[in-house]
There are 2 protein chains.
Amino acid sequence: MPEISTTSKIEGTKAQGAKVVFSGSTSQEREAVVAAEIAKTGAILVPPYNHPDIILGQGTLALEMQEQAAEMLQGYRGSAEGGHRGGCSHAVASAMQNGTTNEVSTSKHLDAVIGPCGGGGMLSGVATALIGTGIRVYGAEPSFQGADDAKRGVAAGKRVETVKTLTIADGLRSPTGDITFGIISDKEKVKDIYSVTEDQIKAAMRLMLERAKIFIEPSAAVGVAVALYNEEFRTMVEKEAGPEGWNVGIVLTGGNTTVEAIAKLFST
Amino acid sequence: MPEISTTSKIEGTKAQGAKVVFSGSTSQEREAVVAAEIAKTGAILVPPYNHPDIILGQGTLALEMQEQAAEMLQGYRGSAEGGHRGGCSHAVASAMQNGTTNEVSTSKHLDAVIGPCGGGGMLSGVATALIGTGIRVYGAEPSFQGADDAKRGVAAGKRVETVKTLTIADGLRSPTGDITFGIISDKEKVKDIYSVTEDQIKAAMRLMLERAKIFIEPSAAVGVAVALYNEEFRTMVEKEAGPEGWNVGIVLTGGNTTVEAIAKLFST
């Protein structure tokens with residue numbers, strides 16, 4: 001793990017019985033430490049994102065999300081209760097509304113999913129899992145210090161291989177891998193990527209904690225920030241969805257933060 | 001509302017369309033303001049806890065808790081998934097274990113419920129709802145500056161009518177009412193009341209936020225603190241439950257706090 005990982009992430013990992021080996025914070029530094037550890041111990045590498053097995057495994061969350069959304073949207077018509085239950089999960093569906101009306105989308109399925117993008121494994125998995133469903137997939141990135149590498153790479157038609165950012169969304173500091181970038185840059189799979197500022201991430205995180213009562217780390221708030229504060233995204237939805245709006249699923253992952261980290265984040 | 005209520009509670013109430021009228025922080029001061037408001041506007045009082053309708057309404061959470069626990073405990077045997085789902089709700093069941101063994105209770109129902117006690121409406125309701133089920137009901141209070149009024153009242157055989165405490169569990173600063181005290185002091189209904197320190201409440205709150213990922217205010221952590229840190233309670237469970245332990249349900253309410261309040265709480 002990078003030396004600058006949050007204490008809760010390090011301690012949480014150790015609590016599962018793991019031996020934690022530290023490295024610098026860029027993916028190059030990390031990979032060098034991994035290679036040395038493998039040479040020394042013969043350990044088997046489970047890659048964090050740039051591998052088909054990881055991508056497919058992480059993509060199963062999109063299947064759960066579809067199930068949960070179907071349950072919620074059915075309940076939504078029947079009772080107030082139904083709409084509330086989804087707030088419990090790490091995948092929450094919210095009704096994106098046209099700015100000029102309070103009408104909620106009448107479609108009983110997800111129209112779009114927003115997933116945060118760091119190394120891009122989860123986003124690639126979600127995009128792969130949703131092929132053929134008609135559900136649009138969008139990526140969400142922090143913009144701070146070039147953390148929007150996937151977005152920039154897609155725009156340039158070439159993967160950004162090195163990122164050095166200290167965005168508060170510390171789970172999203174990695175560049176994409178060659179496999180994940182191949183999926184993310186395919187417009188048939190990921191329609192677009194939107195980025196948000198540190199302040200927007202903080203505002204979204206505060207909203208999720210204080211009002212939705214869901215304990216998430218900054219990285220998990222990035223998709224919410226896109227849905228709420230990215231004008232480009234919101235204008236696109238208004239235009240494409242029309243007055244009925246869309247049912248948008250937002251992936252919230254993870255919850256590795258501490259009360260001290262929250263205190264520090266919101267006192268600056 | 002007391003003038004010193006947390007901003008999130010005040011703003012959350014206003015967001016529902018309410019006109020908020022402020023008072024001092026003791027129940028006497030509050031009741032005086034209520035009487036003046038009723039005289040001025042002809043408003044109808046919905047009492048916060050000391051009324052049969054309120055008690056019965058709040059008690060319905062115990063019915064939901066029984067349902068959720070049955071679902072969880074069934075799932076617990078079948079899959080790891082089942083045990084996890086309950087973490088979403090405001091009522092969470094945990095397996096209390098004997099200190100010397102890792103065996104989890106094999107009973108497939110709740111053995112006990114712990115509920116926080118302020119005015120005592122919710123605890124009275126839970127105790128009333130669980131009459132005849134065999135599920136033991138326990139109260140949980142902060143001990144700071146005499147906030148353990150229910151416990152002291154039950155011990156003395158006489159309700160403590162005035163409490164002036166600034167415990168961090170600000171939802172539990174009220175004394176019990178005559179109706180709620182009548183129920184709470186009935187050993188057939190509430191078997192016992194345990195109190196915890198401010199530090200124990202903070203430790204339990206940190207655990208719920210950081211590890212259970214459930215966003216709760218200090219008042220909601222008081223029952224968790226009893227289960228984890230009150231030696232008197234733990235010794236009683238070890239003795240009464242034997243090696244199999246109990247399945248204990250803990251009521252978590254509410255979540256009215258802010259990132260600023262959390263920052264303040266954990267920086268002192």
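**Exercise 1. Find what rotation and shift superpose chain A on chain B.**

Solution. Chain A superposes on chain B by a rotation of 180 degrees, with 0.0 Å of shift along the axis (RMSD 0.0 Å). Within chain A, the C-alpha nearest the axis belongs to A:A263, 2.0 Å away from it.

The model is predicted: local features need pLDDT of at least 70, side-chain atom pairs count only at pLDDT 80 or more, and totals for chains, interfaces and linings use all residues. Residues are numbered from 1 along each chain as its sequence is written, chains are lettered from A in the order written, and side-chain values use heavy atoms, without hydrogens and water.

**Exercise 2. State through which surface the copies meet.**

Solution. Of the interface residues of chain A, 100% are also interface residues in chain B, so the copies meet through the same surface.

**Exercise 3. Describe how α8(B) and α9(B) cross.**

Solution. Take helix α8 (residues 198–210) of chain B and α9(B). Their axes, lines fitted to C-alpha atoms over the stretch in contact, come within 7 Å and cross at roughly 100 degrees. So α8(B) is roughly perpendicular to α9(B) (65 to 115 degrees). Contact means heavy atoms within 4.5 Å. Residues in this contact include B:M205 of α8(B) and B:L228 of α9(B). The contact residues divide into 13 nonpolar, 1 polar and no charged.

**Exercise 4. Describe how α9(B) packs on α10(B).**

Solution. Helix α9 (residues 218–229) and helix α10 (residues 231–241), both of chain B, pack at about 60 degrees, axes 6 Å apart. B:V226, B:A227, B:L228 and B:Y229 meet B:E231, B:F233 and B:R234.

Notes:
Axes fitted to C-alpha atoms, helices over the stretch in contact; angles between N-to-C directions. Helix = DSSP H or I, 4+ residues; strand = E, 2+ residues; numbered from the N terminus. Parallel < 35°, antiparallel > 145°, perpendicular 65-115°, else oblique. Nonpolar A, V, L, I, M, F, W, Y, C, P; charged D, E, K, R; others polar. Least-squares fit on C-alpha atoms with pLDDT ≥ 70 in both.
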